[in-house]
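Let's look at how charged side chains pair up in a protein. Have the sequence and the 3D view ready, and follow along.

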Amino acid sequence: MDAVTYPNEKVYDFMNKYVISLRVPADQEPLSTDFNVQWTPALLILDHNGQEHHRTVGFMTGEELIASILLGTGNAYFNNSQFQEALACYDSIINQHPDSDSVQEAIFQTGVSRYKSTNDPIPLKEAYQKLNDEYPGSQWAKRAYPYRLIQ
Amino acid sequence: MEQGIHWETDFNNALERSKAEGKFIFLDFFNPQ
């Protein structure tokens, strides 16, 4: 991360603008135990209460890291029922980082967020259709599989 | 302006800044060795 990802101008511009970046050694107590850190790099998204909303473990490229942070912040908004803010994060992944590993979950979460903010179940079916068309057989297409039956 | 990520190294400072600035925290537990 230090050699490749963090020196990337797009990465540090994004991080300085959108998140508070915090770095601690993996053996620093009590944080290591509190967050059950078993391997590095462990990359977490927390809210202002220190509540964890997203975690990845292992190296990421700059593009993957930006998309992952967007996914984590989107999920943090989602967990706080701030669906419009969550949707803005997911839209950024889908439109600006379409080749990232985060895009499938962003499509799934878009369907769920739109459903929860409107009570209209059609976005769930649309999420399934998009996942099945673009990522057939993927983990997230499988998770959305029941939504194909929505009328 | 200095280039690179503006890292916090203190957990409580990060929480305070998160509240004040309305941003989430990206926490990197790194290998110290």
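First, the term we need: a salt bridge is a side-chain nitrogen of Lys or Arg within 4 Å of a carboxyl oxygen of Asp or Glu. Keep in mind that what you're looking at is a predicted model.

How many salt bridges does a search of the whole structure find over all chains? The search turns up nine. Here are some of them, including pairs from chain A and chain B:

| Salt bridge | N to O distance |
|---|---|
| D2(A) and R23(A) | 3.0 Å |
| R17(B) and E8(B) | 3.2 Å |
| K23(B) and E21(B) | 3.6 Å |

Let's start in chain A. D2(A) and R23(A) form a salt bridge, with their closest N and O atoms 3.0 Å apart. D2(A) sits in the segment before helix 1 (9-18) of chain A, while R23(A) belongs to strand 1 (residues 19-25), so this pair ties together parts that are 21 residues apart in sequence. Is R23(A) buried or exposed? R23(A) is buried, with a relative accessible area of 16%.

Now hop over to chain B. Which residues there are linked in a network of salt bridges? They are E8(B), R17(B), E21(B) and K23(B). Take a look at how open some of these are. E8(B) counts as buried at 15% relative accessibility, whereas R17(B), its salt-bridge partner, is partly exposed at 26%. E21(B), which pairs up with K23(B), also counts as partly exposed, with 36% relative accessibility.

Definitions and conventions:
Residues numbered from 1 in each chain as written. Chains lettered and ligands numbered in written order. Predicted model: local features only at pLDDT ≥ 70, side-chain atom pairs only at ≥ 80, totals over all residues. Heavy atoms only, no water. Helix = DSSP H or I, 4+ residues; strand = E, 2+ residues; numbered from the N terminus. Buried < 20%, exposed > 50% of the residue type's maximum accessible area, 1.4 Å probe, protein only.
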